[in-house]
Amino acid sequence: MTEQSWNRRGAQGVREEARVVEQARGRSVSPEEAHAWEALVATARRTVADGLVVGTSGNVSVRVGDTVLVTPSGVPYDRLTPRDVTGVALDGGQVLGTLVPTSELPMHLAVYRTTGARAVVHTHAVHATAVSTLVRELPLIHYMAAALGGPVRVAPYAAYGTEELAAHMLDALAGRSGCLLQNHGTLTYGATLDQAYDRTAQLEWMCRLWLTASGVPGRTPSLLTREQLAEVGERLRGYGQKG
């Protein structure tokens, strides 16, 4: 084989590899994925509008089949378009888009692998993050803790984006649909993006409530008992519209 022919074959091999990679990352987006991406971007923008994140902090994901659509790393949410759809398989391999997925992908994937979650919301909400630095579990200041499965735990600190943080988070989530991340923020999940977001907002509100009540000089806020919370948990099973 001449050097010239080897170079042609080598160049062809490089082009073929690039084509395969591009196909893997840029496969056609299904109508369901396109709709889910639109809802994901709207939810991500809502976290900014409602003051739950600053800049590009926090992240959102939604599961469509075996594909997890997730916000990309370091891209302001108001700049995201339908062309920026970013998706990974449950093993973390990228299957949609070319933007780098969020650095917190290990947390999102850990939730999907171990629960029936269809959506995950992670924020740096200020009151919740403040509480995460003070206690190991959010005190039972309000009965809506039952909506998250019980007393909300605080996952021990670990560097962002690490498997260690994902493991701590899973421990704190056991039997729960939300937790606090020490010196970091919140993570909640749900059957829909709306449910995951509502749980995040509820958690931030409870943290703000506890900080407000506990900050009154000379007074200690009354807390609910585990029995009272369990009663509410039973009542919530029948809450809302039927059918």
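Modeller: The mean pLDDT of the protein chain is 90, and 87% of its residues reach 70 or more; pLDDT is the predictor's confidence in each residue, from 0 to 100. This is a predicted model, in which local features need pLDDT of at least 70 and side-chain atom pairs count only at pLDDT 80 or more, whereas totals for chains, interfaces and linings use all residues. Residues are numbered from 1 along each chain as its sequence is written, and side-chain values use heavy atoms, with hydrogens and water left out. Over residues 1-24, pLDDT stays under 50. Where pLDDT is low, the predicted coordinates should not be read in detail.

The protein chain has seven helices and eight strands, which are DSSP runs (helices H or I, at least four residues; strands E, at least two), numbered from the N terminus. Of its 243 residues, 44% are buried, meaning under 20% relative accessible area, with exposed over 50% and partly exposed in between (1.4 Å probe, protein chains only).

Thr-86 is buried, with a relative accessible area of 0%. A polar atom of its side chain lies 2.9 Å from the backbone oxygen of Asp-84. Leaving aside residues up to four places away in sequence, Thr-86 touches Trp-37, Val-68, Leu-69, Val-70, Pro-72, Gln-94, Leu-96, Leu-99 and Pro-101; such a contact means heavy atoms within 4.5 Å.

Note on methods:
Polar contact = N/O pair within 3.5 Å; in protein donor to acceptor, adjacent residues only side chain to side chain.
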